[in-house]
Structures are given as C-alpha cells and as structure tokens.
Amino acid sequence: MNRPDVYASTWRLPVIVWQCLFFVGPLLFMIAVSFFLVKNYRMQEAFEMANWSRMMTRGYFWDAYWYTLGLAAASTVLATCLAFPAAYGLAFKVSESTRRWIIFLLIIPFFTSYLVRTFSWYVLLAESGVVNAILGKLGFGPYTMLNSAFGTLVGYMTLTLPLVVILQTLSLANVNRSLIEAAHNLGAGRMRTIFTVIVPSAKVGLIIGAVFCFILSFGDFVAPYYLGGSKPPTLPILIIDTTKSGQQWPRAAVVAVVMMVTLLTAAFTAITMAYRKRR
Amino acid sequence: MAEPQIVFDNVMKRFGDAVAVDRMQLEVAEGEFLAIMGSSGCGKTTTLRMLAGLETPTEGEIRLNGQRINELKPSERETPMVWQSLALFPFLNVIENVEYGLRMRGVEADERKRRARLWLERMEIAEFETRAIDQLSGGQKQRVALARALVTEPPVLLLDEPLSALDANLVVRMQGVLSRLQKELGITFVYVTHSQSEAFAMADRVVIMSKGRIEQVGTPREVYRQPASRFVAEFVGSNNILSGTVNNLQSGELVVDTGLGPVAAVRPDDRELTRGQAVELVLSADNLELSTTEPDSVNRVACKLVSEEFIGTVVTLLVESPGGVELRIQKQQRDIDQVSLEEDMPLWVSWSPSSVYVLPG
Amino acid sequence: MSDRLIKWLLWCYLGLLLVFVFSPILTSVIFSFNSDRFPTIPLGSFTLKWYQTIFDDPDVWSAARTSIFVSLCTATLATFIGFCTAYTDYRYGFRFKGAYLALALLPPTIPLIIMALAMLAWLSKLGISGRAWSVVIAHTVLCAPFAMGIIRLRLQQIDPDLESAAWNLGASEWSAMKTIIVPFARPALISAFCLTMAVSFDEFAVAWFVAGLNKTIPVLILEVLQGTTDPQIYAIGTFVFLTSITLVIIAQVFFMTRGRKPTAPA
C-alpha cells in the first residue's frame, strides 16, 4: 500500500522509537563516552584514546579482567553441572504437574530482593554464622567462607541456578521420548543414553542456559562485593568505583565496552556451537 | 441489461510465486445458491476471502452490483461470512455475538437487542441468549454463527466450509436449515466446501476448482452427468472412466473399443469424432445394472464380484471383468436384495448406450 | 542401580537444591523477627522492633513512595510497549522483522551494570537524570521485553479468524482492536503489568545509578548494607518479598486464565 498505514504504524513505532532513544542511544553514547576527557571533575566531549591507553596498560585492569572471566566461567560450569541432575529429574522422573509446581517455586527467587538474599548468605556464611554453628555442633570448622572466591560463587549460584535449572528442564522436557526409548532398546546404559542421546538433543537449550549464566555472573557486582570482599575487584566493581568516586565515567565506559565485547564474543561462539550441525 | 450481482473479471491472486487463483471468470446471480468445490489448496477459500475483502486480488476486478470493490476494506462491505472455525467471540455471550455487527454499525442498544433476539428466535436458539459460547453444542454454535452473520440483513452470505466440524447427522439437518433459509431470504449464498454431498444437496450451481482454475461451472446434474474434464469426472465421485478408441461411427451412435470390449454409446452432437480417435468414456456407477442371468442389452459384460461396501442404504460393489477392468456399481440396498449375491458368482453388468458419456477433449 | 533408588536420589538432590535456593529467603524472614543484633543460632527472642525501626524511618517511607510510583509507571509503559510489539509480531510480516524483534527483545541480555552506566551517561547528557522519571525510563527498557513475551504467548492462542471476523462484521481495525484483541489479551495484559511491576520493584543496579536522591527501596537496602548490618534489612526485605510475591501470584493466575468466562450482559 502506498499511503501510510496509520494503524500498523501505531503499533510498530512505539518500540522502535523507545528502544532507539533509550536502549541503542545509551549504549552507543557509552561507546562515545569512552573517548571523552575529564578535566577538573567535569566531562568534556572529545575523541581521545587517553582512557583506552590508560586502562589497557594498567595491571589492575587486566587482573580484574582475568579474575572476572575466570569466576564467570567457573560459575557457568558449576551451574550447568549442578543444574543438570535436577533438570534431568524434573524432565523425566516427575509428573507434569509436579514439574510445573517446582518450576513455579524456582521462579519465585527472581522476584525476591537479590540484595537481601545476598545479605542472608553473608550472615549464614560468617565466621560466627549459622552454617559454622551447625558445622561446629558436628565437630567441624569453623571455616572462613566469606571474602573468597567461594563466597562469590555461592552468590553467583543464588543468582543463576534457578534460571539455569528452568532453562535446562524446558529443553530436556522437549527431547523426543522415543529417541530415549530407542537408545535403551539398542542396549545403551543410563549414562550412555544421557551423554549420547539426551545431551546432544537438548544441546541448544543447555547452551542457552549456560550463556545466560555467564552473562549474569559476568555482570553481577553484588556477590563479588559483599561475599567475595571485592579483593581483587571484578570488572563491575571497577565500573562502580570509577563512576561513583571521582566521576571518571569515561574510564568506566572503557571497562563497560570491554565487557560488552567479551560477552558478545562469548555468546556468539556459544550460539554458533549450539547450532552447528554435527558431521 | 443489468450485470449479475457478483462478477469476477479475470481475477488473479498470487502469494509470492504461488498462484492461488488463476484468471478467474465467474458470475453469480442475485438470489443464487452457488457452491464452490475442490480439494484443499485449490483456491476456493481464497476466492471467498477476496469477496470478503480479506485478500486483495493481484490482478483483475471483482464487482458487486456493478461496482468495483477491489479496494474496499472488509468492514466497508456487506459480505458477512460464516467461518469454518465459526470464529465466535469467546468472551462475548450468545446475544453479544449476534448483535456485534449492529453494534459496529452504531445501532442503538435497544434496537440491536431487539433485532438480535428476532434472529435468535428464527434460528431457534432464543433460550441460550445469555449463554457463554463454550457452553453450546456444535449445532447451536453453528446457529449463532448464522444469526450473527445475517443480523445485518446482507445481500450476500459467504460460507466457508461451515459444516465441516459437525457430525454426519447434524450436517444433514443443517443442510436443511441452510436451504430453507436461503429460499426464505432470497439472498445470494456463496458456499465453499470440499464435500460433494453438501454442494449437490443445496446448490443451484456448482463451481469445481482445481489448482486455482475453474474446471467447470454448472448445475449439480450437469456436473455429475456431463463432466467437462476427466478431473471433474473423477472428483465428483462414483464414476467409472474407460479409455478407448472410436471404432464405428454412425449417425446417432458410436462404438468404442475399450478394455471391456466394444461399448456402444450415443454420439455426442456437440463435437466431431473420427474413427481411431482416443476418447474417454464415463459410466456412472449408479447407471450400471446388475443381473444373474444374461441381460438383453447391447452393453453387457460378465464379471465377478470383488468386494461390497455399505454406506447407509447405498451399496457400492466392486466387480472385475474377464479383461481385468474394475467397475464400481452403486445400488440401493433393496435393489441388491433382489439379486442374491455370493462371492465369485457370475454376474452380468449392463448399461444402456444413452447412459454412456463421452468426455470432451 | 534400580530405578527406584535413582528416583529417590534425584528427589533428594532436588530437595537440596530447593533448600539452597530458599534458605536465604527463609533466613531473611526468620531473622526479621529475631531480637539479636547479629543473626546466628541459637535464635534470640521474638521481636517486632526491626519492623518498628523501619516503620518510624521517614527514609523508608519516602523510598516506598518512590518505588511504588516508579514501578506503577514502569509497568504501564512497559505493558503498553510490550503489547504494541507483540501485536505487531503477531499480525504483520515485514522486511527487517528480525532486526525489529532483536531491538525489542535484547535488553535483558545486557548486564545491568552496563545498562546502568550507559543510562546514567545518556540521561545526564539529555538532562533528565537524577529523577524518579529517569528510573521509569530505564526500567521500561528492561521490562518491556518481558511484557512482550507474556502478551505474545497469549496472542498465540487467539483464533486468527477472530479479528478477520470482526472486520467482516463491519468493525474497523481500531474497533476490532478495542472489542476483540484487547479483551482477548486482557488476562495477559494484567499478568504483564504485575510481572513488570515486580521486576521494577526489585531492580537496584540501574536505579542506584540514575535515581539521584530519589531512592527506591532496593537502592535504600543497598546503601544501608554498605553501612550497618542489622536485621532491619530483613524487615524491609520481607515487605518487598511479600509485595513481589503477591504481584507474581496475581500474574500467574491471570496467565493461566483462558479468558472464556461469560461476561455479564450489559
């Protein structure tokens, strides 16, 4: 049709306008900010490589980068492995209605304050906290669990595990049952069936779960700050510190852009792997 | 002379590369009950949707009462439709569904309630006025859909396989309802169906479509007895089609050599035939006679019974000639009862030359 | 190993997982009623003093007002934008539709801390940072995809003939929208509204960056956490939990509705 379709545009345009203004706009502007300068605590629009060359040559930045990457990768592997038995049970060993109920239970944490939950772990895992008190009764400990990578990972699991279990369950539940029966028929054992039939069939869903886990862990500042003691700081903590103290937005923007590039690379690699045809 | 009410003038509809309707030429007279038949994907529903304005023709022109309507929006046409899915609004009750068309035309609440009630009464569903749609039976939903389409008293009603979801008994009853309604209202019905029995039971004229083209337009009798092509002859069901060559040509008669042997037929007067020409003959299954003794007929062949099938009071027999040609025969149950049948017994099949139809082309 | 043993082991594992997921939530509820300043076992005595503390704190009240304002506005905007997008996806096919959907759905894949920084810089540039409205804008970007998803699923269930049937009976596209599509999608609209409200009510990273002095409840929690660590956090947390869970349950109930209830005659 040649004349503009007012009706269609009414529904099509809002999201385009809004997302360009407040989603694409901010992200592009952030890239621009990474080239700005700060003088006398005021930001000046410019196109200088100063922030980039400064951040890229600082040891603390690269320490933070590899530490964050390592933690997020560990979190991804951990969450994927911890979630799988639960997702397997939910997908194959319980009734449909039980599955729905447990998934509903797993959705609830998304809507409870992550901050409060983290603080709960802080209290539970403290030297004189509940977990050590219980372990003490059993004759163990006390252990130092806070201000360590362990603490951070507990926080990451709090954030990501329910989501990973849900995504894995949904993809496993969609695996064609007759494939599994066929595998059993051909004499494949339980473990063999899981690794030669179920995992490959549910590959896309499993990888998407892992990607989300990685994104969430990589970008989270609460767990490494409160449970990991921010020693060393992770990239998100670096962003907060540079932004909140000293108004160094351009340097924070550099960190953010590096994070974005890392995430895009990771996500792209993972998705390519997920959809690659097996030979 | 006034133009017919609905005219499809060289109408073409493409979806991408696929041609859904191919250069359609069709006229529908006012007050006619027209059935469009064909298997799925033949373009019959697209034709109906173009009439309702839900699809726009790629080429050609559709005229209603002489006016080009290609560009009219669906809401600007008076061509309500009864949908295959019925498309009743699930969150509105029965009367709210029926008065919807009036509401959209800005009719006052009291007036539209009154008119909707009249139609509910007419369709004999007045007592369900405030029922929710999912509390109705299939037949009741059907009546609501009809009332909803007719409440605005349109000149044309479009029906898209409206009876396909009903069970067989109900289909026959609703056919009666539809036929009567169409005669009482005197408006045009355009009825799309894949069911031959529905089309033949109700329609004044039948359109047979295949792959976007019209194969034949005619009265049910014409389509049945004088199919325009092999496709139509096969589509309208119980026909035996024999290939052969013309052997003997006389003034009123011809003989064709077929797998059954020579078959005498009445010579068609609308076209030329030559000796040695390949032709196809149609023998309607209901025109074949059965007997256990040799009949006194030009066309007769001794066969053996292969199988029989009963649908209601109609029996379909499959018999095989000595040459291996299979013939379908349709008879009423009580006719069959007079010829006691047994497996492998010799049977004589015969037919008159006037019942043999030579396919054109 | 027998099937029963495997099943039993999986159930135990599932139980442990749920304990892990829910122990911090239960901890916060239990300790919000516990009298000791540092929460550990054995428990102290039952008390409501932490609730009393937050009840008397004007900062908590002002944060609650901001939170309610922000989440209501966010839910309204996000549901509207989500509906527009879902309807466009349901009804129309067009060139660049993939790009269109990516634009609409990508925000949740960007880490919040990055969105927070980008929003802060951009809204400052536009001169609209540091207000409650700034949070609304940022939260709408984050929440609209969820609304879109929920509403799109509902539109999936609509008989595609319904809208055509409305046009066929004389309804313009606008009237068909008002009388058919919106009533059909209503349960999903309510569901999306509640869910986006809950998401906005809990979000702290972006709100912390762009809110300025207009702290929302989660931002208040974050700032309290940086100073003291006493159980008033738990009292606030329990309130937030109750609010969110109510919204989620309402959303769930409406999401399950098939929307076929008879309407009372007008």
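Domain bounds here come from an automatic or database domain assignment. On that basis, chain B splits into domain 1 (6-231) and domain 2 (238-358). This is a predicted model, in which local features need pLDDT of at least 70, side-chain atom pairs count only at pLDDT 80 or more, and totals for chains, interfaces and linings use all residues. Residues are numbered from 1 along each chain as its sequence is written, chains are lettered from A and ligands numbered from 1 in the order in which they are written, and side-chain values use heavy atoms, with hydrogens and water left out.

**Domains of chain B**

- The C-alpha centres of domain 1 and domain 2 of chain B lie 38 Å apart.
- Five residues from domain 1 of chain B and eight residues from domain 2 of chain B make the contact (heavy atoms within 4.5 Å).
- The two domains of chain B bury about 680 Å² between them, and carbon and sulfur atoms give 39% of that. Buried area is the accessible area (1.4 Å probe) that two parts lose on being put together, summed over both.
- On the domain 1 side of chain B, Tyr224(B), Arg225(B) and Arg230(B) lose the most area to domain 2, together 75% of what that side buries.
- Two salt bridges cross this domain interface of chain B. The term means a side-chain nitrogen of Lys or Arg within 4 Å of a carboxyl oxygen of Asp or Glu.
- Arg230(B) forms a salt bridge with Glu280(B), with the closest N and O atoms 2.3 Å apart.

**Chain A against chain C**

- Chain C has eleven helices and zero strands. Helices (H or I, at least four residues) and strands (E, at least two) are DSSP runs, numbered from the N terminus.
- The C-alpha trace of chain C spans about 70 × 65 × 45 Å along its principal axes.
- In the interface, 87 residues of chain A are in contact with 88 residues of chain C.
- About 7600 Å² is buried between chain A and chain C, and carbon and sulfur atoms give 82% of it.
- Tyr7(A), Trp11(A) and Phe111(A) supply 12% of the area that chain A buries against chain C, more than any other three residues.
- One salt bridge is counted between chain A and chain C. Lys125(C) pairs with Glu45(A) in a salt bridge, the closest N and O atoms being 2.7 Å apart.

**Salt bridges overall**

- Side chains of opposite charge can pair when their charged atoms come close.
- Over all chains, the count comes to 30 salt bridges.
- Glu59(B) and Arg14(B) meet through their side chains in a salt bridge (3.4 Å, N to O). Glu59(B) is in strand E4 (residues 59-64) of chain B and Arg14(B) in strand E1 (residues 6-15) of chain B, so the pair ties together parts that are 45 residues apart in sequence.

- Axes are lines fitted to C-alpha atoms, for helices over the stretch in contact, and angles run from 0 to 180 degrees between N-to-C directions.
- Angles under 35 degrees count as roughly parallel, over 145 as roughly antiparallel, 65 to 115 as roughly perpendicular and the rest as oblique.
- Helix H3 (residues 59-92) and helix H12 (residues 235-244) of chain A pack at about 140°, with axes 8 Å apart. H3(A) and H12(A) are therefore oblique to each other.
- From H3(A), Tyr60(A), Phe61(A), Ala64(A), Tyr65(A) and Thr68(A) meet Leu235(A), Pro236(A) and Leu238(A) of H12(A).
- Helix H5 (residues 114-125) and helix H6 (residues 130-137) of chain A pack at about 30°, with axes 4 Å apart. H5(A) is therefore roughly parallel to H6(A).
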